[in-house]
Amino acid sequence: MKKKCYIASGVILVLVILAVLQVFNKWNDLKVDYQIRVEKLKNEYLKFESTVVAKTECNDKTEIYAPDVFYVKSVLVKENDMVTKGEQLFRFSTQDYEEEILREEESKRMLEVQIAQEEQQEKSRLSELKLSLSTYQLTCNLAKNELDYQKASLLQAREDYKKDKDNLVLLAAKKTYRDAEEKYKSALEQCDYVEKEIADYQVSENSNIKILKHKIKLSELTIKQLQEKKQIIEKMQYADKSGIVAELCISKGIYTTACQKIYTLYDTKKLNLKIKTEEKNFGLLSEGDTVTLKDDHTNFSLVIKEKQATNQNKIGDVVLNDTFYLIASLDKEQKKKFIIGDARQYKMEFFSSKKALLCSYSSLIREEENYFIFICDLDTQKISKQKVEIGNLQEDKIEITGDISEQDYIVKNPEESYYDGEVFASVVKE
């Protein structure tokens, strides 16, 4: 019986010890649950480093094309040469154009000679007609005088017929009068015909002269076109502005073809450096930020003046593949270190011009596509759940934005069990 009591007492003691341990553990758990660590949001600048590829580009280029066929006597420049406005780049032969212009001018002169001959023939013909008219007018006057005379003779014959009744004399007088009348009419008709011919000749234009004048106009147009082409080719020998010669498409001793590209001239005033960053760095740069590029040979700083981003959808995935490009202007000294199309790899350090609110990445709570933090009120030790937008990540620090300020304290390493409005027993500031 006594032995049974000892056993029962031992069992009770064990149960009591277990109960005490359980209470102690619960108390410890409660103590841990009601203590949180917080840190103040930091308002700082971010500094990043990345490996990038920089390529020299130009937004202003002039492409020169041959207007026609011509011979290249010599080429005085090479690709990527810097040239100044008015500098001679080539020597082109325009002898073919000069010879063709001389041939056209000679052809025009011959046409002018033919026109002069035609006009001289017209003058001669007109003179002949006028001389013929004078002759016919004289004949007409003589015929008129003869007609008047024969008319008087006929009247006299009629008077004589009344006296002696000589019919033969009267008949002869009538016949002579009719012949004179016919000659006069014929002379008048000849005069009218020649006068009309002269009038028509003076009004109408010689068809041969008209054709010749048209040929002269065509010849003059051809000469003008040849002279313009010759002037264009002569002007093409010189740079019309300062820049970099690229895409040189001709060489000494060749004939160009019509519309063949001769060369491309890039305006050095608009030479830019296009920098392609890695995908993870997209969005880290903004206008006004400072960028330092370094390699074994160059080391210079740029201020971002323009930012351009392009997005492409991956086939089959609803994921944006973001490629970031930084475009920066180069100064006079920097331009000397680059040529068009030159691509180099650089170590790039870029420094944000704007302060950002930073917190530990582990302080974020993610729920689906949204991010939250817990803000703690140090007076009441009450936490409130706040939705935020995240920005750039550097090591363990991440940018956040929302209804927050640098005066707020954020809960470090929050647990998923925390809820909005929860009050903690103690708060530890770090």
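Student: How much space lies in the largest cavity?

Tutor: In this predicted model, the largest cavity holds about 30 Å³ of space. The structure has one cavity of 30 Å³ or more.

Student: What makes this space a cavity rather than a pocket?

Tutor: A cavity is a set of points where a 1.4 Å probe fits but cannot get out, whereas a pocket is an open set. The space of about 30 Å³ is listed as a cavity, so a probe placed there cannot get out.

Student: Which residues line the largest cavity?

Tutor: The lining consists of Glu39, Lys40, Leu41, Lys42, Leu358, Cys359, Lys397 and Ile410. Two elements, β1 (35–40) and β16 (356–360), each give two or more residues to this lining.

Student: Why are α2 and α3 called roughly antiparallel?

Tutor: Helix α2 (residues 95–164) and helix α3 (residues 167–203) pack at an angle of about 160°. Angles over 145 degrees count as roughly antiparallel. The two helices are therefore roughly antiparallel to each other.

Student: What else describes the packing of α2 with α3?

Tutor: The axes of α2 and α3 lie 7 Å apart, and their crossing is left-handed. The residues of this contact comprise 22 nonpolar, ten polar and twelve charged.

Student: What makes β4 and β6 edge strands?

Tutor: They belong to an open sheet of four strands in the order β4-β9-β8-β6, with antiparallel pairing. β4 (61–65) and β6 (82–83) each pair on one side only, and that makes them the edge strands.

Student: Which strands pair with β11?

Tutor: Strand β11 (residues 290–294) pairs with strand β12 (residues 299–303) over five antiparallel bridges, and the two form a hairpin with four residues between them. Five bridges also join β11 to strand β15 (residues 343–351), again antiparallel.

Student: Which bridge partners does Lys294 have in β12 and β15?

Tutor: Lys294 is bridged to Asn299 in β12 and to Lys347 in β15.

Terms used
Residues are numbered from 1 along each chain as its sequence is written. This is a predicted model: local features need pLDDT of at least 70, side-chain atom pairs count only at pLDDT 80 or more; totals for chains, interfaces and linings use all residues. Side-chain values use heavy atoms; hydrogens and water are left out. Axes are lines fitted to C-alpha atoms, for helices over the stretch in contact, and angles run from 0 to 180 degrees between N-to-C directions. Angles under 35 degrees count as roughly parallel, over 145 as roughly antiparallel, 65 to 115 as roughly perpendicular and the rest as oblique. A crossing is left-handed if the near helix is turned anticlockwise from the far one by less than a right angle, and right-handed if clockwise. Ala, Val, Leu, Ile, Met, Phe, Trp, Tyr, Cys and Pro count as nonpolar, Asp, Glu, Lys and Arg as charged, and the others, Gly among them, as polar. On a 1 Å grid over the protein atoms alone, a cavity is a set of points where a 1.4 Å probe fits but cannot get out, and a pocket is an open set with protein on both sides within 12 Å along at least five of seven lines; lining residues have an atom within 4 Å of a point. Grid points are joined across faces, edges and corners, and a volume is the space filled by probe spheres set on the points. Two strands pair if DSSP finds at least two bridges between them.
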